[in-house]
Amino acid sequence: FPQGVRQAQWLTKTKLVEGLPPPVLSIIDNPAHQLEDYEEGVKRAISHARFWDTTEVAPRREHYCPVLFEDLIHLCRLMAAKYPSLAKRMLARNYKISATWERESILLQVRGLNGILMNSMAPIPPVASKEEILATEEHALETFYPISPTIDLQEVNVYKELNDTGFRDGYPYAHPHTLFFLESANVRTNRFRPEQLRAKMLMFAFGNALAKAKVLYGNDPKVLEQPIVVQSIGTDGQLFQFMVFQLNTTDLVSSNGIKNLVWIDSDQNLYEKAQCVPEVKKRVVTKPAGIYGFQPDTFKKFLALYLHGTV
Amino acid sequence: MAASRGRRLLWHGRRWFSQTESAAPPPPPQPPDSLYPPIVASATAKSKAAKRRRLEHFNQQVHAAASIEEKLRLYGKLQRPKYMVYPQTFALNADRWYRSFTKTVFVPGLPPRPAPAAARAPAAVAPEAAKAPEGAAPQAAKAPEPATAAPAAAETPKVAGAAPYLDIGQLRSLACDALLQESFYQNKKRPFLYRDQDHTPGPFLTQLVSTLAAFLCGRNPLLAASSLDLKPEVNYYWHHGEEVVVHGHRKGRVDPVRFQIDDNPHLQIRVPKQLPEFVPLESDLGDVPVIDHKPSKLPLFKKQYENKVFIGSKVADPCCYGHTQFHLIPDKLKRERFVRANLEDQIEVVYRANGIASLFAWTAAQAMYQGFWSEADVTRPFVSQAVVTDGKYFAFFCYQLNTLALTAETIQNNPRKNICWGTDSKPLYDVVEDGSVKGFNDEVLLQLVRFLLNRPKEL
């Protein structure tokens with residue numbers, strides 16, 4: 001995805017809005033949730049992932065990225081004591097998604113194992129108001145002529161146009177809630193850069209929402225009465241990308257008409273630096289070991305996205 | 001080490017004299033400033049007195065270590081070939097051998113509960129007016145009440161927050177949902193060869209424990225401060241007994257027998273406060289088996305590598321006490337394989353050996369993290385729990401570590417024994433077909449919930 005999010009936007013017929021949507025922001029700003037109590041827990045989670053979890057001196061990213069994610073999810077899950085409806089969530093690892101759609105005579109599909117999905121029994125209510133949805137009609141999708149929108153996408157011959165949510169019918173936790181992406185490769189070139197990570201998140205969130213829409217409303221392209229909302233969080237152990245995607249229409253062949261919406265909050269650092277070993281210059285400790293530049297707001301957003309839909 | 005003055009002339013080559021020195025009376029009162037340095041055994045000679053002096057020096061060094069990390073580093077500094085003890089092993093009757101290595105008494109069944117905690121039967125829909133005792137410690141309400149009396153639910157609204165009774169139906173639905181998701185609803189490829197345990201039972205166990213822990217954390221504040229580790233590493237290194245070195249340049253010397261456990265539980269919960277003891281420190285609940293053979297007959301093999309002591313995270317972590325471990329039996333040790341090989345009685349041995357070895361390693365490592373070691377024995381018992389399962393059959397174990405002194409010198413006058421309670425493996429369900437779980441066993445789930453709700457009395 002060399003064009004990053006712009007390319008993904010064109011492919012999924014989406015309009016971008018910077019920042020998180022108002023319902024999520026209201027969860028963050030609501031003092032009743034007491035999100036400040038979790039700062040200690042978050043610091044402990046970061047220290048555990050970055051310093052304490054291994055017998056070596058400093059764990060590698062392949063090790064600490066998933067551990068940090070597990071610890072943060074554990075912290076979020078413990079909030080089920082306060083909000084019992086949070087118990088109606090289930091994590092699914094290694095699940096497979098496939099979704100196919102046509103975009104101005106190009107057949108596109110999203111497939112494969114991607115990340116960790118959290119399902120919930122109840123769908124997330126639509127985030128944007130009806131007016132905003134109608135307003136997207138006037139928005140024109142960005143094209144980047146002369147570069148084709150499908151540049152760098154793998155061209156394959158498909159024999160079955162599959163649309164599969166990854167779960168069978170009758171699954172009680174029917175609605176995809178949040179997708180988690182962990183960029184945990186050790187070597188920096190194997191990891192997605194933030195821009196590409198955001199594009200990947202958008203594509204997979206769209207794929208999940210589309211597969212769900214086709215299951216709920218059939219294969220005909222149409223504008224959805226009840227838009228489907230899927231959230232997505234991507235991280236490489238330090239930098240977090242938050243995204244809320246709302247699928248308004250499955251009519252994707254033409255570039256006119258109602259578009260889908262996505263809210264992106266990008267490049268949120270949870271902490272600036274985690275010093276495993278004290279930095280010593282000329283026998284004097286210049287930087288003792290510890291976490292530097294801790295930002296509690298990033299975890300508040302993580303938690304708000306987790307709580308979204310039940311609060 | 002005291003040496004009486006007159007023996008100096010007979011120092012070299014007269015080792016038998018040096019032996020009597022150790023039995024000599026304590027040093028005569030010396031003038032305050034002696035012109036001569038203290039007369040002690042040599043530190044480098046090939047003599048028993050010198051060996052004792054080196055051992056004493058080592059013990060003093062470890063005692064005087066500045067920090068726990070330093071202590072652990074000194075404790076495991078010398079690397080020599082040691083037996084690798086695997087908690088999950090196919091060896092026959094391994095649990096007897098492991099009990100003798102770790103000085104553990106095995107008591108079938110589960111430890112007596114201090115107050116019948118958390119086995120709150122599903123109360124009737126209308127909570128009855130319980131004779132709620134004042135001082136609403138939730139456990140006191142259930143204390144010696146006959147089960148037929150008021151449903152053991154403290155209906156006091158003073159119990160802040162938590163719902164008074166455990167809804168077994170909700171727990172059952174949580175467990176069934178986790179099971180169905182992993183085995184039925186999620187579209188998965190076929191399991192890889194010999195990797196059946198990673199395909200369904202592994203994820204099921206992770207899901208079950210994480211959702212149950214989240215559900216129960218309102219009732220158990222210890223869980224709210226806990227740390228959940230996925231596939232952590234637990235290591236422990238210790239000496240037990242003595243042997244003569246068989247071959248090599250050190251042939252003929254008497255060496256302690258060294259053991260190392262390197263364990264990878266599937267899941268573990270660590271907490272900042274210690275669980276309460278089940279029985280007092282000095283209790284004697286049985287006998288430790290004595291095995292006359294060398295450990296290598298089990299079979300157990302020696303290797304020399306780093307001596308690690310690790311509970312799952314470093315010393316600096318505030319959650320330094322263990323709560324519960326969850327172990328998954330690998331494909332190699334499935335029940336069907338034992339049945340096919342006509343070794344049905346060894347199935348339970350697998351579970352027991354796993355429970356004993358893993359829990360001993362974990363509790364002993366926790367004790368070392370608090371500064372205790374074989375020369376400085378524990379002053380309070382260390383308690384942890386474990387659940388060993390293969391996805392369908394669950395076995396529950398509780399371990400109380402009363403002593404770390406297992407080396408040849410320290411075990412002589414040590415009457416304490418470690419205790420392990422354990423159950424047999426029971427199935428959680430019969431079969432999963434067509435999107436429903438048949439034959440779900442509530443007892444096993446309740447026992448799991450009781451384990452998760454275990455907490456110190458103050459909380």
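Visitor: Which ring does the charged end of B:K82 sit over?
Guide: This is a predicted model, so side-chain atom pairs count only at pLDDT 80 or more. A charge sits over a ring if NZ of Lys is within 6 Å of the ring centre and within 35 degrees of the ring normal. The charged end of B:K82 is 4.0 Å from the centre of its ring, and that ring belongs to B:Y305.

Visitor: And B:K302, over the face of which residue does that one lie?
Guide: Here the distance to the ring centre is 4.9 Å. The ring in question also takes part in a cluster of ring pairs, alongside residues including B:W97 and B:F101. The residue under B:K302 is B:Y83.

Visitor: How many aromatic pairs does the structure hold, and why is A:F167 with A:Y171 called stacked?
Guide: Over all chains there are 28 aromatic pairs. For A:F167 and A:Y171 the ring centres are 4.5 Å apart, and planes under 30 degrees apart count as stacked. Their planes are at 5°, so the pair is stacked.

Visitor: What about B:Y236 and B:F360, stacked or edge-to-face?
Guide: Their centres are 5.7 Å apart and the planes make an angle of 80°. Planes over 60 degrees apart count as edge-to-face. That makes this pair edge-to-face.

Visitor: How many residues apart in sequence are the parts that this pair ties together?
Guide: B:Y236 lies in strand β4 (residues 234-244) of chain B, while B:F360 lies in helix α11 (residues 345-369) of chain B. Both residues are buried. The pair therefore ties together parts that are 124 residues apart in sequence.

Visitor: Moving to B:S100, is this residue buried or exposed?
Guide: You'll find B:S100 in helix α4 (residues 94-102) of chain B. Leaving aside neighbours within four places in sequence, B:S100 is in contact with B:H240, B:V288, B:P289 and B:I291. Its relative accessibility is 11%, so B:S100 counts as buried.

Visitor: Over in chain A, which side chain does A:T178 join in a polar contact of 2.6 Å?
Guide: A:T178 lies in strand β6 (residues 175-182) of chain A, and is buried with a relative accessible area of 1%. Leaving aside neighbours within four places in sequence, its contacts include A:I116, A:Q231 and A:L305. The polar contact of 2.6 Å joins its side chain to that of A:H177.

Visitor: Which residues are linked with A:R198 in a network of salt bridges?
Guide: A:R198 forms a salt bridge with A:E195, with the closest N and O atoms 2.8 Å apart. These two are 3 residues apart in helix α6 (residues 194-217) of chain A, so they are separated by about one helical turn. A:R198 is buried at 9% relative accessible area, whereas A:E195 counts as partly exposed at 29%. The residues linked with A:R198 in the network are A:E195 and A:D267.

Visitor: How many residues apart in sequence are the parts that B:E233 and B:K308 tie together?
Guide: Their side chains meet in a salt bridge of 3.1 Å, N to O. B:E233 is in the loop between β3 (227-230) and β4 of chain B, and B:K308 is in the loop between β7 (302-303) and β8 (321-328) of chain B. B:E233 is partly exposed at 28%, and B:K308 counts as buried at 18%. The pair ties together parts that are 75 residues apart in sequence.

Visitor: Across the interface of chain A and chain B, how many salt bridges does the rule find?
Guide: In this interface, 35 residues of chain A are in contact with 38 residues of chain B. The two chains bury about 2,900 Å² between them, 56% of it on carbon and sulfur atoms. There are 15 residue pairs in polar contact across the interface. The number of salt bridges found there is 0.

Notes. Residues numbered from 1 in each chain as written. Chains lettered and ligands numbered in written order. Predicted model: local features only at pLDDT ≥ 70, side-chain atom pairs only at ≥ 80, totals over all residues. Heavy atoms only, no water. Phe/Tyr/Trp six-rings, centres within 6.5 Å; stacked < 30°, edge-to-face > 60°. Helix = DSSP H or I, 4+ residues; strand = E, 2+ residues; numbered from the N terminus. Buried < 20%, exposed > 50% of the residue type's maximum accessible area, 1.4 Å probe, protein only. Contact = heavy atoms within 4.5 Å. Buried area = accessible area lost by both parts, 1.4 Å probe. Salt bridge = Lys/Arg side-chain N within 4 Å of Asp/Glu carboxyl O. Polar contact = N/O pair within 3.5 Å; in protein donor to acceptor, adjacent residues only side chain to side chain.
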